[in-house]
Amino acid sequence: MPSNDIFTVYTPSIFGRTSFPLKHKSESIFYKTFDSEDSDVVDLVADIITIPNHFFKTGEPLKYTIDSGETKLGISTLSPGALGITTQLPAVVYPIVVDKDNIRISLASTYAQNNEYVDITSLGIGTHSFEAYK
């Protein structure tokens, strides 16, 4: 097996690789997608997003992305942290874990820790994603 100058041994299976996807039972741990147009996935009454086996932690920052031509989820301007002006989810959000398959969304880690979540007012268009910062 190759080794470096300070005697760190690298396993042949990952030697030379700078990155590799982290998965649990073939599911991505840090990156999850969801159908923003499906009212069974995005519950506008309970303000819950269903993402099976999401692996997220309450209050951790998540990058929220959509593809060009898609529409973000709409939120109430009265949601905690929206400051009366934000009408869509921003690029960075913070989950509140309801259970292993469901989350609510906050606009700051402190809001998430206090279980203060956004009021989702409209479905989006397209398949959206949440990615945990590594």
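Predicted model: local features only at pLDDT ≥ 70, side-chain atom pairs only at ≥ 80, totals over all residues.
Contact here means that heavy atoms lie within 4.5 Å.

The chain contains one helix and 11 strands. Read from the N terminus, the order of these elements is β-β-β-β-β-β-β-β-β-α-β-β. Of its 134 residues, 31% count as buried. The accessible surface of the chain comes to about 8000 Å², and carbon and sulfur atoms account for 55% of that surface. Among contacts between residues at least 6 apart in sequence, 65% join residues at least 24 apart.

The average pLDDT of the chain is 86, and 78% of the residues score at least 70. Over residues 1-10, however, pLDDT stays under 50, and for this segment the model has 11 contacts beyond four places in sequence.

Apart from residues up to four places away in sequence, Ser36 touches Val42, Leu73, Leu123, Gly124, Ile125, Gly126 and His128.

The aromatic side chains form the next part of the picture. The chain has three aromatic pairs. In one of them, the ring centres of Phe56 and Phe130 are 6.4 Å apart and the ring planes stand at 90°, so the pair is edge-to-face. Phe56 belongs to the loop between strand 5 and strand 6, whereas Phe130 belongs to strand 11 (residues 127-132), so this pair ties together parts that are 74 residues apart in sequence. Both Phe56 and Phe130 are buried. Phe130 also pairs with Tyr64: here the centres are 5.4 Å apart and the planes meet at 35°, so the arrangement is tilted. Because Tyr64 lies in strand 6 and Phe130 in strand 11, this second pair ties together parts that are 66 residues apart in sequence. Tyr64 is buried, with a relative accessible area of 2%, and Phe130 is likewise buried, at 0% relative accessibility. Together with Phe34, the residues Phe56, Tyr64 and Phe130 form one aromatic cluster.

Ser129, like Phe130, is found in strand 11. At 4% relative accessibility, Ser129 counts as buried. Its side chain is joined to that of Thr65 by a polar contact of 2.5 Å. With neighbours within four places in sequence left aside, Ser129 is in contact with Tyr31, Lys32, Thr33 and Phe34, and also with Lys63, Tyr64 and Thr65. Two of these residues, Phe34 and Tyr64, are members of the aromatic cluster described above.

Asp47 has a relative accessibility of 8% and so counts as buried. Beyond residues up to four places away in sequence, Asp47 touches Ile103, Arg104, Tyr117, Val118, Asp119 and Ile120. A polar atom of the Asp47 side chain lies 2.8 Å from the backbone nitrogen of Ile120. Asp47 and Tyr117 are 70 residues apart along the chain, yet their C-alpha atoms are separated by 8.0 Å. Two residues touched by Asp47 also meet each other: the charged end of Arg104 sits over the ring of Tyr117, 4.4 Å from the ring centre.

Finally, the backbone deserves attention at two asparagines. Most residues other than glycine have a negative phi. Asn53, by contrast, has a positive phi near 50°. Asn53 is found in the loop between strand 5 (48-50) and strand 6 (62-65), the loop that also holds Phe56. Its relative accessible area is 25%, so Asn53 is partly exposed. Asn115 likewise has a positive phi, of about 60°, although it is not a glycine. Asn115 lies in the loop between helix 1 (109-113) and strand 10 (120-122). At 43% relative accessibility, Asn115 counts as partly exposed.

Technical notes
Residues numbered from 1 in each chain as written. Heavy atoms only, no water. Helix = DSSP H or I, 4+ residues; strand = E, 2+ residues; numbered from the N terminus. Buried < 20%, exposed > 50% of the residue type's maximum accessible area, 1.4 Å probe, protein only. Areas by Shrake-Rupley, 256 points an atom, 1.4 Å probe, with all protein chains shown as cover. pLDDT = per-residue confidence, 0-100. Phe/Tyr/Trp six-rings, centres within 6.5 Å; stacked < 30°, edge-to-face > 60°. Lys NZ or Arg CZ within 6 Å of the ring centre and 35° of its normal. Polar contact = N/O pair within 3.5 Å; in protein donor to acceptor, adjacent residues only side chain to side chain.
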